[in-house]
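Trainee: Could we go through this model together? I would like to begin with the helices.

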Amino acid sequence: MNQKLKEQIITRFAEDWGRKSPQYEVCVKIFDYLLSRPINQLKHLTYGSLKNAIGDNPSDTDILKATQYLCGDRTPVLSLHFEFSDKEDEFIYLEYDEVRWAKSTGKLVHPVTGEDIDNYEDKVFMFFTPSPLISEIRS
Amino acid sequence: MERIEIRLDIGSDAGDRELSFNQIRRAFQNLVSRLTIKDYKLKKENIVNLFSAIDDLYRSSEGRVCELAFTTEGGSIKRERMRRSNECLRTEAYHDGGIKAVDGKISSYRIAATWEHGADTSLVTQPELLLPGYSRMLSEITPILMDADITNCAGIEDFNFVVNKLNDFIGNESKT
């Protein structure tokens with residue numbers, strides 16, 4: 001474990017949010033969770049699994065703000081991914097470029113059939129994995 | 001059947017039946033208009049969100065879990081059902097082994113549980129509660145589940161019994 005780098009990241013959380021803020025608490029809990037769990041069991045983290053890891057106290061808004069921050073360039077702890085689902089329990093991985101294209105055109109190209117999908121926002125879901133920074137700290 | 005029944009216990013004196021019925025009908029209309037916005041959509045503050053009850057029920061020792069759907073952080077989606085009517089998924093060997101392998105880190109999104117009701121009477125029933133969430137709800141920051149299916153009831157006592165069990169898993173501010 002690269003303890004020095006770990007402490008640098010936690011210091012950055014404190015600088016950006018303040019040690020007594022709920023966002024700081026969420027950031028630290030997610031960070032600790034990513035460092036403590038077996039890496040092969042961190043392949044698909046949803047908001048649901050992150051909320052289980054964090055516990056009941058922080059509000060959904062605080063969790064949302066903190067996860068957005070953890071996906072950012074300053075403290076890239078989480079990697080953000082997208083998947084498409086229009087059938088229960090069937091998810092298809094989307095490349096970031098596919099989502100970016102959909103945002104700019106307003107239509108998502110179905111990743112399998114190639115058809116245009118209107119109102120795609122309801123069918124695209126986010127999930128998270130540990131970022132390369134986490135691998136670097138764990139090494 | 002697209003019908004809402006308003007039932008009135010009229011007792012022995014049926015003389016004020018129409019008056020009483022109209023009072024109940026007006027009270028029902030007032031209640032609906034107070035709870036809903038346009039197109040009868042529920043106001044946000046009146047929604048009873050049952051989603052967190054799914055995981056809370058699973059992690060409790062209440063009832064016998066006969067169906068569970070959940071995701072793991074390894075990326076899989078699992079759906080499990082018990083065939084036998086008197087055993088609980090929580091203690092079934094395959095389920096228990098899997099849960100221990102991931103240190104209990106699952107996110108459940110659908111659960112069915114039954115209870116034996118009336119064990120001290122001649123009629124023992126097994127009313128069932130299903131909280132029918134969807135896996136994609138786990139990707140939402142605030143998943144909302146408003147449906148609960150209560151089945152296998154022999155009468156209103158069974159139904160109320162299950163509603164009371166469900167109430168134990170939802171916040172005091174939003175009881176059914």
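Mentor: We can begin with α1(A), whose buried residues pack against α2 of chain A. Contact here requires two C-beta atoms, placed from the backbone, to lie within 7 Å. Helices (H or I, at least four residues) and strands (E, at least two) are DSSP runs, numbered from the N terminus. This is a predicted model, in which local features need pLDDT of at least 70 and side-chain atom pairs count only at pLDDT 80 or more, while totals for chains, interfaces and linings use all residues. Residues are numbered from 1 along each chain as its sequence is written, and chains are lettered from A and ligands numbered from 1 in the order in which they are written.

Trainee: Which residues of α1(A) are buried?

Mentor: A:Ile9, A:Phe13 and A:Trp17. They lie on the same side of α1(A), because they cover an arc of only 50° around the axis. The arc is taken from the directions that lead from the helix axis to the C-beta atoms. A residue counts as buried if 20 or more other C-beta atoms lie within 10 Å of its own, as exposed if 12 or fewer do, and as partly exposed in between, with C-beta atoms placed from the backbone.

Trainee: And which residues are exposed on the other side of α1(A)?

Mentor: A:Gln3, A:Lys4, A:Glu7, A:Gln8, A:Thr11 and A:Glu15. Just after this helix, A:Gly18 has a positive phi of about 90°.

Trainee: Moving on to α2(A), how many residues does it have, and how far does it reach?

Mentor: Helix α2(A) covers residues 22–36, 15 residues in total, and its first and last C-alpha atoms are 21 Å apart. That is close to the expected 21 Å at 1.5 Å a residue, where the expectation is 1.5 Å times one less than the number of residues.

Trainee: Where do its buried residues sit around the axis?

Mentor: The buried set is A:Gln23, A:Val26, A:Cys27, A:Ile30, A:Phe31 and A:Leu34. These residues are on the same side of α2(A), because their arc around the axis is only 125°. They pack against α1, α3, α4, β5 and α6 of chain A.

Trainee: At what angle do α2(A) and α3(A) cross?

Mentor: Their axes cross at roughly 100° and come within 9 Å. The helices are therefore roughly perpendicular, a label that applies from 65 to 115 degrees. The axes are lines fitted to C-alpha atoms over the stretch in contact, with angles from 0 to 180 degrees between N-to-C directions. On the α2(A) side, A:Val26, A:Lys29, A:Ile30 and A:Tyr33 meet A:Leu50, A:Ala53 and A:Ile54 of α3(A).

Trainee: Changing topic, which residues touch the most other members of the largest nonpolar core?

Mentor: That core has 51 residues, and those touching the most other members are A:Cys27, A:Ile30, A:Val77, B:Ile54, B:Ile111, B:Ala113 and B:Leu131. A nonpolar core joins buried Ala, Val, Leu, Ile, Met, Phe, Trp, Tyr and Cys residues through C-beta atoms within 7 Å.

Trainee: What does B:Ile54 touch?

Mentor: Leaving out residues up to four places away in sequence, B:Ile54 touches B:Ser108, B:Tyr109, B:Arg110, B:Ile111, B:Leu131 and B:Gly133.

Trainee: Is B:Leu8 buried or exposed?

Mentor: B:Leu8 is exposed, because 12 other C-beta atoms lie within 10 Å. It is in the segment before α1 of chain B.

Trainee: Finally, how many helices and strands does chain A have?

Mentor: Chain A has 6 helices and 5 strands. Buried residues make up 27% of its 139 residues.

Terms used. Angles under 35 degrees count as roughly parallel, over 145 as roughly antiparallel, 65 to 115 as roughly perpendicular and the rest as oblique.
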